[in-house]
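Here's a quick walk through a model, with an eye on its charge pairs, its core and its surface. Have a look at the structure first.

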Amino acid sequence: MNKPLYLKTNDMAKLIGYSGDYLLKNREVLFFKGVHFFPKEKRIDWKVDKMIEWVEGNSISDKAKDILDLVS
């Protein structure tokens, strides 16, 4: 069976071990539109591979890099 490329909020939350509320509250903070999630009319599609990269710490957003550059 093929793994899905995108999941709804609650399904993504279960996959990565975070609450759906955490995902929603951190849109445009940790997770960015067009990278981690794609809003649709009545739901949000979360991109599985980008969310797994985030969990594993394999990627850092440009915004986070800019903040780190300011403090280092």
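How are Lys-50 and Glu-53 separated in helix 3? This is a predicted model, and in it the two residues sit three apart in helix 3, which means about one helical turn lies between them. Their side chains meet in a salt bridge. Lys-50 is partly exposed, and Glu-53 is partly exposed as well.

A search of the whole structure turns up two salt bridges. The other pair is Asp-45 with Arg-43. Here Asp-45 is buried at 9% relative accessible area, while Arg-43 is partly exposed at 45%.

| Salt bridge | N to O distance |
|---|---|
| Asp-45 and Arg-43 | 2.8 Å |
| Lys-50 and Glu-53 | 3.7 Å |

Now for the inside. The largest nonpolar core has 12 residues, among them Leu-23, Phe-31, Trp-46 and Met-51. Helix 1 (9-16), strand 3 (44-47) and helix 3 (48-56) each put in at least two of the core residues. In soluble globular proteins, nonpolar side chains tend to be buried together.

Leu-23 makes a handy place to look around: leaving out neighbours within four places in sequence, its contacts include Met-12, Ile-16, Phe-31 and Thr-9. Thr-9 belongs to helix 1 and counts as buried because its relative accessible area is 13%, under the 20% cut-off. Beyond four places in sequence, Thr-9 also touches Gly-20, Leu-24, Ile-44 and Trp-46.

Leu-68 lies in helix 4 (residues 62-71) and is partly exposed, at 45% relative accessible area.

Methods: Residues numbered from 1 in each chain as written. Predicted model: local features only at pLDDT ≥ 70, side-chain atom pairs only at ≥ 80, totals over all residues. Heavy atoms only, no water. Core = buried A, V, L, I, M, F, W, Y, C linked by side-chain atoms within 4.5 Å. Buried < 20%, exposed > 50% of the residue type's maximum accessible area, 1.4 Å probe, protein only. Helix = DSSP H or I, 4+ residues; strand = E, 2+ residues; numbered from the N terminus. Contact = heavy atoms within 4.5 Å. Salt bridge = Lys/Arg side-chain N within 4 Å of Asp/Glu carboxyl O.
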